[in-house]
Structures are given as structure tokens and as C-alpha cells.
Amino acid sequence: MKVFLQANELTRRVGDKTLFSNITLGIGEGQRVGLIAQNGTGKTTLLNILAGEDTADDGEVILRSGIRVGYLRQMPQFPPEMTVLDACFWHAKQDKDDSEEALDLEVRSKQILGKLKIGDTSRKMGVLSGGQVKRVALANVLIQNPDLLILDEPTNHLDLEMIEWLEGYLGRQCMTLLMVTHDRYFLDRVCNLIVEMDEQTLFTYRGNYAYYLEKRQERIDNAKAEIARANNLYRTELEWMRSTPQARSHKARYREEAFYELEKKAKRHIEEEKLRLQVNSTYIGSKIFEAEYVSKSFPASEGREELVILKDFYYNFSRYEKMGIIGNNGTGKSTFLKLLLGECAPDSGRFVIGETVKFGYFSQDAMQVDENMKVIDAVRRVAEYVDLGGGKHLSAMQFLQHFMFSPLQQQNYIYKLSGGERRRLQLCIVLMQNPNFLILDEPTNDMDIVTLQILEQYLQDFKGCVIIVSHDRYFMDKVVDHLLVFKGNGEIKDFPGNYTQYRDAEQALARAENAKEKSSPSASSSSNISTTANGKPRLTEKKRKLTFKEKQEFEQLERDIEALETEKAQIEEALSSGTISVDEITAMSKRLPLLNDELDEKSMRWLELSEFA
């Protein structure tokens with residue numbers, strides 16, 4: 001297996017904080033690596049170093065000669081006067097004199113931009129939103145067709161349809177990939193190797209995300225057992241160390257040196273899953289809110305048609321309901337939240353809010369807080385304690401610790417926090433207000449997986465109402481029990497279930513409609529019957545049947561498709577097992593997209609012949 005990138009003994013410090021120490025990482029051809037770590041531990045810094053945009057304090061990064069690297073930054077930037085189309089070509093390898101190659105590149109860029117819902121390629125980058133800029137940057141790196149693709153949170157600012165397209169696109173391409181993402185379904189379906197950065201070092205798991213979860217728990221259990229054994233031995237050795245110097249002969253010096261190593265091991269801290277935090281939210285009555293035939297639209301403007309958000313929308317929200325809102329970008333999900341919160345007025349109709357309702361709103365917008373304040377002071381300005389019920393309270397410091405802010409980190413100034421740490425602090429400030437109705441607008445953006453797991457548990461136990469707008473399918477499946485699906489142009493579908501259940505229902509409906517279309521008489525077959533001059537039916541042409549060769553081909557296709565599906569299932573199972581070698585992983589990762597293409601081709605031919613079978 002060719003090694004595309006090798007990082008040896010990298011160390012990076014920021015001030016007096018060590019982000020990582022002496023870490024080593026190799027990425028081979030065909031590997032699809034997912035990097036997992038808590039916010040503030042240096043994920044983006046490590047990606048910058050590997051991409052050649054930053055340097056480590058110690059260590060080296062070796063890139064194989066001739067390897068082209070494409071890097072999607074977390075917050076990409078382009079010259080503001082550059083057009084969208086030119087931004088797609090930025091850094092792309094292209095022969096200016098080859099007009100045919102340039103045309104192919106332009107066609108491909110417009111296809112990818114279309115999938116990412118960027119229509120007007122003549123717009124200036126300076127007028128785009130942050131989310132649109134990120135999508136153009138994603139198109140830019142995909143068009144480059146690099147040997148090694150490095151992605152920092154590629155699913156941020158993508159709606160569900162775009163995420164599923166990108167998932168399929170990366171799955172079909174024979175590319176080498178390193179990415180940071182909080183999207184656990186995306187990790188599970190795209191990656192074949194997970195690297196976790198923890199305790200300033202790296203742990204490697206040769207499988208997908210589901211395999212990583214299983215093996216990580218085994219690692220933690222083993223480490224806890226090792227620490228327990230070390231603690232028992234440490235107590236014995238401590239008694240010996242405290243004995244008089246006469247009791248420790250010169251020959252026992254090795255034992256004294258070993259003691260200090262044992263002491264380090266015994267005092268090692270393993271970050272475990274926190275205990276479930278059950279906060280006693282403010283009492284909420286039976287009347288929550290009622291949307292009484294609400295309509296809202298935005299008039300057409302230059303370059304944009306009229307945008308209809310709601311049309312005579314009626315809904316009566318239930319007590320303790322946990323609702324998810326999904327839909328493509330631009331269908332009005334965030335506007336709906338602002339209407340509910342009274343930040344935006346409807347054109348007609350109204351929202352009637354219950355008297356006991358106390359909203360807590362976690363928005364996509366950056367937190368408005370004095371950056372020169374300490375983390376603990378920002379939270380204490382909201383409340384000193386959180387009510388747990390039964391006369392129990394949790395201090396602001398204890399609450400922050402539950403959300404992964406150590407006592408030392410709580411003394412940090414806000415301006416020193418990473419983007420993900422700021423989002424986590426913003427969440428803590430909202431929850432400390434003790435609301436009984438939480439409204440979360442894209443809460444998973446820039447959050448690490450550990451924080452998401454804590455938030456999921458919090459929301460599952462939350463004794464109040466919840467509305468979540470999110471593109472994170474895993475998160476929605478864990479938390480919500482009901483969906484509003486914004487389909488655009490004021491159409492909203494009410495679905496009683498989570499995201500996966502909704503997708504399964506939609507796919508089953510699509511299959512049923514396809515089957516119905518195939519079973520119904522086609523326009524061409526109905527035209528085979530005409531009438532004579534006196535009105536009697538006359539058969540003009542019979543429906544074509546399969547030739548002998550086509551019948552043989554049809555039967556062979558059925559056998560081929562079955563064999564290909566079996567092979568695909570075996571490969572997917574092997575990639576998830578964690579028991580195969582690196583070379584086998586590489587070979588299977590190359591085979592899988594080719595297998596998918598062959599399956600698609602044979603399935604389409606089978607469908608074509610099945611019309612006449």
C-alpha cells in the first residue's frame with residue numbers, strides 16, 4: 001500500500017496548553033479516515049498542519065512526491081470580487097490552452113454546484129452567506145479531484161438532501177480521505193478507519209464508526225482496570241516509599257524509579273461518559289402553543305422569486321412533545337422559529353402561547369457576550385445554581401463540568417475558546433436559564449461528538465417541550481418523536497416519527513408508486529388498440545416480447561445482480577469487522593465504488609428488459 005502522508009511525532013502547544021504530543025499518523029492510498037476529538041483539543045490545528053498551512057512545534061509531515069492535496073477549511077475565504085464559477089476553478093489544475101478540458105471542468109463544476117444548490121455562478125463571493133461560501137469551497141475541492149482530500153466539517157451548512165448526495169459521491173469515488181465531522185451516520189457510511197485524539201495522543205480503530213464505539217468502550221474498560229490495578233499496587237509502594245531511608249537499600253533504587261512511573265499511571269484520569277443530568281425545568285402547563293392558520297411569505301426581489309414559508313398553517317403543540325423540523329435550505333425553518341418566538345410577524349393568523357411557557361433559544365448566530373469575561377463568570381451572570389428538584393441544586397461550576405469544561409478551562413477568557421467551545425458555552429448559558437421549552441436551531445454545528453452525546457441524554461430526560469431544527473440525522477433519531485417536514489412553497493408535512501422512520505416511509509412510498517406505474521398500461525401499449533370505421537376494436541400491434549438472446553441476458557442479469565449484492569454485503573461486513581489488514585481495507589475500498597457502479601448499470605438494464613419480460 002502506498003503511503004500518501006506520514007506525520008511523525010508531532011507536538012503543538014498554544015501558550016501553556018499542549019494540544020497534542022508526539023503523535024504519529026500515516027494515511028495510505030484508499031483509506032478513508034475519520035478524526036474524532038473534543039472541541040479545543042486541536043483537530044483543526046492538526047488538519048492545518050497536515051495540509052501544509054501551519055507548522056508543528058516538533059515533528060515532521062512527509063507527503064509522497066507528486067501527491068495533490070485538496071483541503072476544505074472549516075471557515076474558507078475567497079476574494080470578495082471573485083465569481084462563484086471562478087472560485088470553483090481556484091487552485092484547480094487546468095491547462096488554459098485546452099478549451100475542451102476547460103469546458104469539461106466548467107460543466108462538472110456546474111453539476112456539483114447544482115447538487116449543492118448554488119445556482120447563479122456569476123454572483124460575487126462577497127455577497128454570499130457563510131453557508132453558501134462553505135458549499136462553494138466544497139465544490140472547489142471536489143472539482144480539483146485531489147489524490148488526498150482533507151475535509152473539516154464538510155456537512156456544516158448542508159441540508160439533508162445535500163448530505164446524502166455527498167455521502168454517495170464520496171462512497172463512489174476511489175479517493176483517499178481524511179475528515180473531521182460530527183455527523184455520525186456520515187462517519188459510519190463513508191469511513192473505514194477512525195482515529196480518536198484523546199489524552200494528547202492518537203488511538204486508531206480499523207473500522208467504521210459503529211466498530212469504533214464498540215472498541216473504544218473496550219479500551220476504556222481495559223484502561224480503568226489497569227488504573228485500578230495500579231492504584232492497588234501504588235498504595236503498597238507508597239507505604240514502602242514512606243518507610244525510613246534505611247529500609248531502602250541502594251539495590252532497590254530501580255524500585256524507587258518504577259514507583260514514580262506507577263504514580264503517573266495510578267493518577268491517570270479517564271474521561272468517562274458523564275452521569276445523566278436530570279434538571280428540574282420550570283413547570284409547564286397543558287397549554288403550550290397553537291398556530292392559528294398562520295401565513296408568511298417574502299415578496300419577490302431582484303434575482304429571487306416570492307418565498308412562501310407558511311400558508312394557513314394550523315398546529316396545536318402537545319405538552320412534553322419533542323419535535324424535529326427538517327427540510328431543504330431556504331424552505332423557512334429558521335423563519336418559523338422566529339415567528340414562534342415573536343421575532344418576526346406573520347402576514348396573517350397568529351401564535352397563541354401558553355402563560356407558563358418559558359422559551360430557551362439556542363440560535364445559529366454567534367453568542368453576544370463580552371469576550372474578556374471568564375467562562376465561569378459568563379454563566380454566573382445567568383444563574384449561580386440549577387434546580388435538580390427534590391431540594392437539590394447544581395452550581396454553575398458543576399454544570400459547566402458536566403458539559404466538558406474543567407475547573408481550569410472555566411477560568412479561561414472567552415476570546416481564547418475555539419469555535420466549538422464557544423458553541424458549547426452558548427448552550428450552557430441557554431440551559432442555565434432553566435427554560436421549560438427549548439428551541440434549538442442547528443445545535444450540532446461545530447459541536448464535538450462527546451458534547452452531542454451529553455446533549456442527547458439531557459434532551460431525552462428533559463421534562464419540558466423541545467423543537468429542534470437540524471440536519472444531523474443521528475441526533476434527530478436519538479431525540480425527536482415527531483417531525484414537521486418543510487417541503488417548500490408553504491407545504492409542510494406532519495410525520496409521527498423520527499428521521500430514519502420518515503426516510504423509510506418515503507422510500508417505501510416511492511417504491512409503491514414505481515410498482516404501480518410499471519403495472520399500469522403504458523401509453524404505448526394502449527395505443528396498440530384502435531377501432532375500425534364502424535367502431536369495432538382492431539388490434540394494430542402486439543406488445544414486443546423478449547428475444548431468445550434477451551431472455552438469456554435477462555436471466556444472467558438476475559444471477560449477476562444477486563452475486564454483486566452478496567459481494568457488496570460481504571465487503572461492507574468485512575470493513576466494519578476491524579479484523580482485516582490495511583492492504584485488504586485498501587483493496588476493498590477500491591472495489592466497493594466499482595461494484596456499486598456495476599450494480600447500477602446491470603440494474604438499469606434489468607429494468608429495461610423487465611418491461612418486455
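**Figure 1. Pairing of strand 1 with strand 4 in the predicted model.** In this predicted model, strand 1 and strand 4 run antiparallel to each other and are joined over 5 bridges. Within the pair, Leu-5 has Leu-63 of strand 4 standing opposite. The two strands belong to an open sheet of 3 strands, arranged in the order 2-1-4 with antiparallel pairing. Strand 2 (17–28) and strand 4 are the edge strands, each of them pairing on one side only, and neighbouring strands of the sheet are turned against each other by 10° on average, direction ignored. Helix 1 packs on this sheet and touches strand 1, strand 2 and strand 4, its direction making about 130° with that of strand 1.

Figure 2. The side chains of Asp-54 and Arg-12 meet in a salt bridge, with N and O 2.9 Å apart. Asp-54 lies in the loop between helix 1 (43–50) and strand 4 (58–63), whereas Arg-12 lies in strand 1 (residues 3–14), so this pair ties together parts that are 42 residues apart in sequence. Arg-12 counts as buried at 16% relative accessibility, while Asp-54 is partly exposed, with a relative accessible area of 27%. A salt bridge also links Arg-13 and Asp-57, whose closest N and O atoms are 3.7 Å apart. Arg-13 is in strand 1 and Asp-57 in the loop between helix 1 and strand 4, so the pair ties together parts that are 44 residues apart in sequence. Arg-13, at 40% relative accessibility, counts as partly exposed, and Asp-57 is partly exposed with a relative accessible area of 37%.

Figure 3. Asp-198 and Arg-219 form a salt bridge in which the closest N and O atoms are 3.5 Å apart. Asp-198 is located in strand 8 (residues 193–198) and Arg-219 in helix 7 (residues 209–242), so the pair ties together parts that are 21 residues apart in sequence. Asp-198 counts as buried at 16% relative accessibility, as does Arg-219 at 15%.

**Figure 4. The surroundings of Arg-32.** Arg-32 has its place in strand 3 (residues 32–36) and counts as buried, at 4% relative accessibility. A polar atom of the Arg-32 side chain lies 2.5 Å from the backbone oxygen of Leu-170. With neighbours within four places in sequence left aside, the residues in contact with Arg-32 include Leu-170, Gly-171, Gln-173, Met-175, Val-190, Asn-192 and Ser-589.

Figure 5. Leu-138 touches Leu-72, Leu-116, Leu-151, Pro-154, Leu-158 and Leu-166, not counting residues up to four places away in sequence. In soluble globular proteins, nonpolar side chains tend to be buried together.

**Figure 6. The hairpin of strand 15 and strand 16.** Strand 15 (residues 385–389) and strand 16 (residues 392–395) pair in the antiparallel sense over 4 bridges, with Asp-387 standing opposite His-393 of strand 16. The two strands form a hairpin with 2 residues between them, and Gly-390 in the turn has a positive phi of about 65°.

**Figure 7. The surroundings of Lys-493.** Lys-493 is found in strand 20 (residues 491–495) and is partly exposed, with a relative accessible area of 29%. The side chain of Lys-493 makes a polar contact of 2.8 Å with the side chain of Glu-506. Apart from neighbours within four places in sequence, Lys-493 is in contact with Leu-483, Leu-484, Val-485, Lys-487, Tyr-502 and Glu-506. Lys-493 and Ile-326 are 167 residues apart in sequence, and their C-alpha atoms are 10.0 Å apart in space.

Note on methods
Residues are numbered from 1 along each chain as its sequence is written. This is a predicted model: local features need pLDDT of at least 70, side-chain atom pairs count only at pLDDT 80 or more; totals for chains, interfaces and linings use all residues. Side-chain values use heavy atoms; hydrogens and water are left out. A salt bridge is a side-chain nitrogen of Lys or Arg within 4 Å of a carboxyl oxygen of Asp or Glu. Buried means under 20% relative accessible area, exposed over 50%, partly exposed in between (1.4 Å probe, protein chains only). A polar contact is a pair of N or O atoms within 3.5 Å; within protein, one must be able to donate a hydrogen and the other to accept it, and residues adjacent in sequence count only if both atoms are side-chain atoms. Contact means heavy atoms within 4.5 Å. Two strands pair if DSSP finds at least two bridges between them. Axes are lines fitted to C-alpha atoms, for helices over the stretch in contact, and angles run from 0 to 180 degrees between N-to-C directions.
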